[in-house]
Amino acid sequence: MMQSFYKIIYLLLILSSTYLSSQLRIEITGGSDEPIRVAMVPFEWKLNSAPSHYLHEIVKKDLESFAEFAVLNPEDMLSYPSLEEEISYRDWRLLKVDYLIIGSVLKSEIEGEVNIAYSILDVSRRKNIHKALIKGSVKSLKRMGHNISDRIYHKINGIPGIFSTRIAYVDKPLSDADSYDLRITDIDGDGDLSLFKSNQPILSPDWSPNGKEIAYVSFEEGTSRIYIQELATGNRRALKRERGINSSPSWSPNGNYLSAVLSKGDNPDIYLYNLRSNAWTPLTGHYGIDTEPDWSPDGKSLIFTSNRSGSPQIYEINISSMRIKRKTFEGTYNARARYLPDGKNIIYVHRRKGVFHIALHNLRTGKISILTDTFLDESPSVAPNGNVIIYATKDRETDTDILAGVTINGKTRFILPSVSGGAREPAWSPILDKY
Amino acid sequence: MQNLFAGFFVSMLIHIGLVLSLSNIFNIDLLAFQADYSQPIPAYLVYEKPKLVSKKENKIFIKKISIEPNSQIDIKEMVLKADEEILALESKASKTTTFSQKKTNLNQQNQILLFSSIIEEQIRAVWKKPIVSEKFSVELILSLVPTGEILDVKVKRSSGSDAFDRSALIAVAKVRKFENLKMPAHLFDDNFRNFTLVFKPY
Amino acid sequence: MTLFQEFLALVAIICSLSACTNTTIERTSDATAVPAIATSTYSESSLASSSTVYFSYDNYNINSTGSEKIKSLASIVKENGLNVRVEGHCDERGTREYNLALGEKRANAIAELLIINGVSSSNITTVSYGEEKPESRGSNEKSWSKNRRALIKTS
């Protein structure tokens with residue numbers, strides 16, 4: 001009797017669950033592929049001098065970089081509001097604009113400075129979603145423009161914009177076989193300047209987490225040694241040199257350590273360098289080649305290249321447990337891996353049918369996708385928002401070394417023109433203007 | 001003997017209940033179909049020509065129908081009609097008396113599906129999802145009036161990302177009023193006056 | 001963070017909770033990078049002659065031609081009490097750091113053979129340049145084969 005009673009209760013519970021969530025649920029699993037439409041009204045200019053840059057032109061160029069946005073030309077606008085009260089949302093809705101940016105450039109109490117006040121508005125819901133005031137010198141008007149692009153990008157896409165970031169790279173001019181130059185450039189190619197010149201090789205630049213220093217390998221003493229250079233001052237210091245190879249520096253997320261490669265133990269292994277005590281500690285000790293370490297964003301693991309299985313493959317080591325796990329099983333050459341900021345994916349150089357490509361690899365599922373279709377791809381570096389990759393490759397027609405890029409979804413590709421024809425080893429900076 | 005029967009019966013009910021509730025939880029469409037054609041496809045309907053009540057004639061016709069693109073609603077209406085007639089055929093064969101009941105239930109399910117997909121299409125067409133790298137999902141509660149106009153929208157469960165939530169709210173704001181939602185009053189009141197819209201791009 | 005910045009942060013948090021738009025205040029910096037001045041850079045003018053041994057792709061085995069060269073070089077070095085600097089090089093294919101390791105293997109293989117042939121290890125220095133100093137430009141086997149080499153420099 002009790003048995004049937006319990007069965008009936010169980011039955012009722014099951015059947016009633018269908019009524020608990022009885023409100024209709026409609027799922028939207030996809031959307032429009034159209035780019036997001038943005039309109040930036042030329043800002044009201046309240047200074048006596050003429051503008052050195054037009055902010056709306058900087059923002060338009062930035063936002064359209066990766067085919068994610070379509071920015072309206074000022075000629076196509078129906079009105080030019082600079083205050084929220086002046087906005088007629090119907091006009092913008094007619095133009096199918098999703099987001100509107102209005103603002104003014106105002107005089108500052110401080111000599112040589114400007115204040116830029118702007119707002120980002122959601123046209124469909126007629127709401128102000130971001131109001132900001134940027135202060136800066138007149139000379140950095142361009143930077144303020146990139147700052148605005150970053151904020152717009154972040155508000156709309158939910159991930160940081162990278163328009164204020166920089167790329168460090170090594171340049172070896174075609175014209176001079178014995179000239180090596182460590183340089184940095186803004187994302188748009190401006191501000192390209194030399195950080196360090198030498199007549200001996202320079203390689204493997206790596207940014208510190210706060211963006212203030214760059215570590216790199218220099219052969220200026222006749223053999224490889226790791227140096228750290230402070231960007232603001234140009235001051236350099238060298239890591240304690242060991243016999244053999246000293247190379248492949250990778251900064252820890254907390255900035256206290258560098259992982260690098262030493263071959264003093266008769267074969268290249270991964271070591272940790274304590275920046276305070278200047279001491280080297282071995283991490284791997286296999287008789288094969290262990291090289292190209294990269295720290296995980298959470299600081300708990302490192303991925304590196306090792307040929308311990310016979311050919312270069314990617315391995316991951318947990319720093320506290322020292323457990324090493326092989327990660328790549330496809331292909332006979334997988335090297336120079338880098339974590340994406342989410343810590344769940346890596347990119348690396350992958351050889352397929354004799355051609356070197358950049359591959360994206362999910363650490364959990366092991367699924368790989370090839371991101372590039374260029375020739376002799378190497379040294380991939382990820383943007384700090386995880387959305388774009390830059391790498392070094394060869395322009396077959398001109399036989400020059402160039403830097404190329406691709407968005408992580410594989411949809412947009414671009415090339416950074418290199419003046420000298422010898423650009424290699426790109427390293428993407430972290431987000432430089434934190435807020 | 002009696003216990004065995006009772007046991008069997010309860011067990012069967014439990015299993016049906018499980019299937020129904022599980023399909024609800026995982027949003028599995030038990031009666032799903034897709035009609036997305038890009039060019040005319042011949043379709044074959046088998047149906048009985050004479051009226052349902054009469055038992056005299058049992059002619060079975062095979063009729064070829066071409067389905068043109070852009071007539072999704074026609075397709076669905078046609079299939080609704082076909083279902084109706086298949087039911088009629090089945091009921092005749094099984095000689096059950098609950099035919100009219102089955103017809104209204106099946107009809108209703110199909111209609112809910114039909115209008116849900118109309119709503120889904122209109123939202124899909126305007127939703128520009130942001131690049132956020134996580135697997136986000138936001139749930140909104142929409143309130144409509146029978147004309148299809150959206151009276152109110154509330155966030156039932158946020159995705160945790162401002163940008164993602166906002167993109168969903170904007171999609172709803174862009175639609176403003178759903179087209180082609182003409183349906184019987186009770187169907188609207190029971191299902192579409194207030195419903196949950198889930199944005200889940202994966 | 002200064003007190004003011006903390007206050008702003010607090011206001012921003014409260015505002016985001018109550019869904020109001022408060023003005024975010026930011027400041028852009030003028031900071032730019034300064035180039036470094038190189039200290040001493042290594043120059044090779046002091047080194048006298050050099051010989052070259054070639055390798056096959058992804059390999060650091062020395063073939064018979066190479067062995068012969070090293071054997072005769074070893075006797076010259078011993079006779080004249082010379083110092084040897086062995087440089088390992090690679091072709092451009094593959095990643096730079098991995099090639100640095102491969103170049104070292106080539107240099108080490110040469111050094112070992114020299115030692116077997118009687119040269120004292122204290123007279124030998126090895127260095128790897130990986131793919132950084134190619135002999136021949138060009139992305140074809142002709143160029144690549146010329147770059148897969150070890151240079152033995154005596155002084």
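This is a predicted model: local features need pLDDT of at least 70, side-chain atom pairs count only at pLDDT 80 or more; totals for chains, interfaces and linings use all residues.

Reader: Fine. Which domains does the assignment give for chain A?

Author: For chain A, domain 1 covers 36–157 and domain 2 covers 167–428. Taken over C-alpha atoms, the centres of domain 1 and domain 2 of chain A are 37 Å apart.

Reader: What box do the C-alpha atoms of chain A fill?

Author: Along the principal axes, the box is roughly 95 × 70 × 45 Å.

Reader: And how many helices and strands in chain A?

Author: Chain A has four helices and 31 strands. Of its 435 residues, 46% count as buried. As for contacts in chain A between residues at least 6 apart in sequence, 41% of them join residues at least 24 apart.

Reader: OK, packing. Which residues have the most contacts inside the largest nonpolar core?

Author: Those are Ile347(A) and Ile389(A), in a core of 77 residues. Strand β28 of chain A, residues 388–395, gives the most to this core, with five residues.

Reader: What does Ile389(A) touch, not counting residues up to four places away in sequence?

Author: Ile347(A) is one of its contacts, and the others include Ile358(A), Leu371(A), Pro380(A) and Val406(A). There's also a second, separate core of 54 residues, and among its members are Ile58(A), Val71(A), Trp92(A) and Val138(B).

Reader: Is the pairing of β1 of chain A with β5(B) parallel or antiparallel?

Author: Parallel, over four bridges, with β1 of chain A running over residues 25–28. Within that pairing, Ile26(A) has Leu197(B) as its bridge partner.

Reader: Into which domains is chain B divided?

Author: Domain 1 is 28–118 and domain 2 is 127–199. Their contact takes six residues from each of the two domains. On the domain 1 side, α3(B) gives the most, with five residues. By class, that side of domain 1 has four nonpolar, two polar and no charged residues.

Reader: Now chain C. How many residues does its contact with chain A take?

Author: 34 residues from chain C and 62 residues from chain A. On the chain A side, the elements giving two or more residues include β7 (127–137), α4 (141–157) and β27 (375–382). The most comes from β7(A), with ten residues.

Reader: And the classes on that side of chain A?

Author: The side of chain A that touches chain C has 24 nonpolar, 24 polar and 14 charged residues.

Reader: Last one: which strand of chain C does β7(A) pair with?

Author: Strand β1 of chain C, residues 23–27, in the parallel sense over five bridges. For Ala132(A), the bridge partner in β1(C) is Thr24(C).

Methods. Residues are numbered from 1 along each chain as its sequence is written. Chains are lettered from A and ligands numbered from 1 in the order in which they are written. Two strands pair if DSSP finds at least two bridges between them. Domain bounds come from an automatic or database domain assignment. Two residues are in contact if their C-beta atoms, placed from the backbone, lie within 7 Å. Ala, Val, Leu, Ile, Met, Phe, Trp, Tyr, Cys and Pro count as nonpolar, Asp, Glu, Lys and Arg as charged, and the others, Gly among them, as polar. A nonpolar core is a set of buried Ala, Val, Leu, Ile, Met, Phe, Trp, Tyr and Cys residues joined through C-beta atoms within 7 Å. A residue is buried if 20 or more other C-beta atoms lie within 10 Å of its own, exposed if 12 or fewer, and partly exposed in between; C-beta atoms are placed from the backbone.
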